[in-house]
Amino acid sequence: MNSYTKTFFCVSALFFASVATAEEYEVAQKNKAFSVEELNIKAGDTVKFTNQDDFFHNVFSLSDLKTFDLGSYPKGEFKSVTFDKAGTVEVECAIHPSMLMTINVE
Ligand SMILES: [Cu+2]
C-alpha cells in the first residue's frame, strides 16, 4: 500500500465513523403538542418531526443557533433538521402557539 492509498483509507474510515455516530431522533406532533418537551442530542444529529394529528402542524425556530421554518404539513408527513452546532434551540409551531419544545445540542 503506498502512502496515497493509505491516506485514502484513513479518510474513508473517518468519514464512515462520523456518519455512523450521527443519530436520528423522532419527535411526534400529537394532540397539539410535541411528544417530548426537551431533547438532548449531539452536534451532527438529526431530528425528524412527524405529524400524527388529523390537522396541519408547522415547525419553526427563531433561535440564534439554528433558525429554520419547515413549513406546514399534514398527518403522516415528516420533516427533518440536522443540528450541527452545540447550544439550545427553541422549537415552535406557528399554527398552535402552545406547542413548544427545547433541543439541547451538546
Ligand atoms: Cu401545531
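Predicted model: local features only at pLDDT ≥ 70, side-chain atom pairs only at ≥ 80, totals over all residues.
The secondary structure of the chain consists of 1 helix and 9 strands. Read from the N terminus, the elements follow the order α-β-β-β-β-β-β-β-β-β. Of the 106 residues in the chain, 35% are buried. Among contacts between residues at least 6 apart in sequence, 49% join residues that are at least 24 apart.

An open sheet is formed by 4 strands, arranged in the order 2-1-4-7 with mixed pairing. Strands of a sheet pair through backbone hydrogen bonds, in either a parallel or an antiparallel manner. Strand 1 (residues 24-30) and strand 4 (residues 46-51) run parallel and are joined by 6 bridges. Within this pairing, Gln-29 stands opposite Asn-51 of strand 4.

Lys-30 also belongs to strand 1. With a relative accessible area of 42%, Lys-30 is partly exposed. When residues up to four places away in sequence are not counted, Lys-30 touches Gln-52 and Asp-53. The C-alpha atom of Lys-30 is separated by 9.0 Å from that of Asp-54, a residue 24 positions away along the chain.

A search of the whole structure identified 2 aromatic pairs. In one of them, the ring centres of Phe-34 and Phe-49 are 6.2 Å apart and the ring planes meet at 70°, an angle over the 60 degrees required, so the pair is classed as edge-to-face. Because Phe-34 lies in strand 2 and Phe-49 in strand 4, this pair ties together parts that are 15 residues apart in sequence. Phe-34 has a relative accessible area of 8% and is therefore buried, the limit being 20%. Phe-49 is likewise buried, with a relative accessible area of 0%.

Phe-68 and Phe-83 form an aromatic pair that is also edge-to-face, with a centre-to-centre distance of 6.1 Å and an angle of 75° between the planes. This pair links distant parts of the chain, 15 residues apart: Phe-68 is located in strand 6 (residues 68-73), whereas Phe-83 is found in the loop between strand 7 and strand 8 (87-92). Both Phe-68 and Phe-83 are buried.

Lysine side chains are also placed over aromatic rings. Lys-32 lies over the face of Phe-55, at 6.0 Å from the ring centre. For Lys-48, which lies over the face of Phe-78, the distance to the ring centre is 4.3 Å.

The copper ion is coordinated by ND1 of His-57, SG of Cys-93, ND1 of His-96 and SD of Met-99, at 2.0 to 2.6 Å. Along the chain, the donors follow the spacing H-x35-C-x2-H-x2-M. The angles among the 4 donor atoms range from 92 to 135°, and the site of the copper ion is tetrahedral. This assignment holds because the angles of the site lie within the limits of 85 and 135 degrees set for four tetrahedral donors. For comparison, the ideal angle for four tetrahedral donors at a metal is 109.5 degrees.

Definitions and conventions. Residues numbered from 1 in each chain as written. Heavy atoms only, no water. Pairing = 2+ DSSP bridges. Helix = DSSP H or I, 4+ residues; strand = E, 2+ residues; numbered from the N terminus. Phe/Tyr/Trp six-rings, centres within 6.5 Å; stacked < 30°, edge-to-face > 60°. Buried < 20%, exposed > 50% of the residue type's maximum accessible area, 1.4 Å probe, protein only. Lys NZ or Arg CZ within 6 Å of the ring centre and 35° of its normal. Donors = N, O, S within 2.8 Å, 3.2 Å for Na, K, Ca; no water. Tetrahedral: all angles 85-135°; square planar, octahedral: opposite > 155°, others 65-115°. Contact = heavy atoms within 4.5 Å.
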